[in-house]
Amino acid sequence: MYSLCGRNSRAFTQVFDEMPVKGVVSWNIMISGHLRHGELELARRYFDMAPDKSLVSWNSMVAGYANSGNMMEAERLFMEMPTASWNSLISGYVKVRDALSAERVFERMTGFLDARDKSCVRPWL
């Protein structure tokens with residue numbers, strides 16, 4: 001709530017620190033809250049400290065790096081993801097106006113899906 005209401009990050013960090021039990025949702029709120037406040041380094045610190053990371057955790061950080069224009073780190077983190085989630089990386093390249101890289105990632109995605117199961121990729125008609 002503190003993160004969404006525009007409060008400074010100290011407020012929601014204090015609430016988090018006082019929580020007796022922290023689950024994956026709590027960690028994701030800290031990551032996305034720091035990203036919302038433009039605190040990429042703090043978001044990364046919480047991401048690295050999180051004992052369990054969900055797809056939301058990974059996507060938040062990939063999008064955070066993409067939004068800051070650091071596509072090298074976004075792609076590096078993307079490659080470490082246990083489950084591929086292509087949209088964050090593709091949209092990141094689009095945001096930094098790198099259509100060729102966005103297309104390259106899209107082609108990798110469709111090739112990956114096509115190799116896994118020919119029925120996964122269907123043409124738009």
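The model is predicted, so local features need pLDDT of at least 70 and side-chain atom pairs count only at pLDDT 80 or more, whereas totals for chains, interfaces and linings use all residues. Residues are numbered from 1 along each chain as its sequence is written, and side-chain values use heavy atoms, with hydrogens and water left out.

Begin with the whole chain. Of its 125 residues, 37% are buried (buried means under 20% relative accessible area, exposed over 50%, partly exposed in between; 1.4 Å probe, protein chains only).

Next, select helix H2 (residues 24-36) together with helix H4 (residues 55-67). Their axes, which are lines fitted to C-alpha atoms over the stretch in contact, with angles running from 0 to 180 degrees between N-to-C directions, are 9 Å apart and pack at an angle of about 10°. That makes H2 roughly parallel to H4 (angles under 35 degrees count as roughly parallel, over 145 as roughly antiparallel, 65 to 115 as roughly perpendicular and the rest as oblique). Val24, Asn28, Ile31 and Leu35 in H2 meet Val56, Ser57, Ser60, Met61 and Gly64 in H4, where contact means heavy atoms within 4.5 Å. Val24 counts as partly exposed, at 32% relative accessibility.

Move to helix H3 (residues 40-49) and select Arg44 and Asp48, which are four residues apart, about one helical turn. They form a salt bridge, with the closest N and O atoms 2.9 Å apart; a salt bridge is a side-chain nitrogen of Lys or Arg within 4 Å of a carboxyl oxygen of Asp or Glu. Arg44 is buried at 14% relative accessibility, while Asp48 is partly exposed at 47%.

Now display helix H5 (residues 71-80), where Glu73 and Arg76 lie three residues apart. Their side chains meet in a salt bridge (2.5 Å, N to O). Arg44, Asp48, Glu73, Arg76 and Glu80 are linked in a network of salt bridges.

Glu75 lies in helix H5 and Arg104 in helix H7 (residues 99-116), so the pair ties together parts that are 29 residues apart in sequence.

Finally, select helix H6 (residues 86-95), where Trp86, Ser88, Leu89, Ile90, Gly92 and Tyr93 are buried. Arg97 follows H6 and has a positive phi, near 60°.

How values were computed: Helix = DSSP H or I, 4+ residues; strand = E, 2+ residues; numbered from the N terminus.
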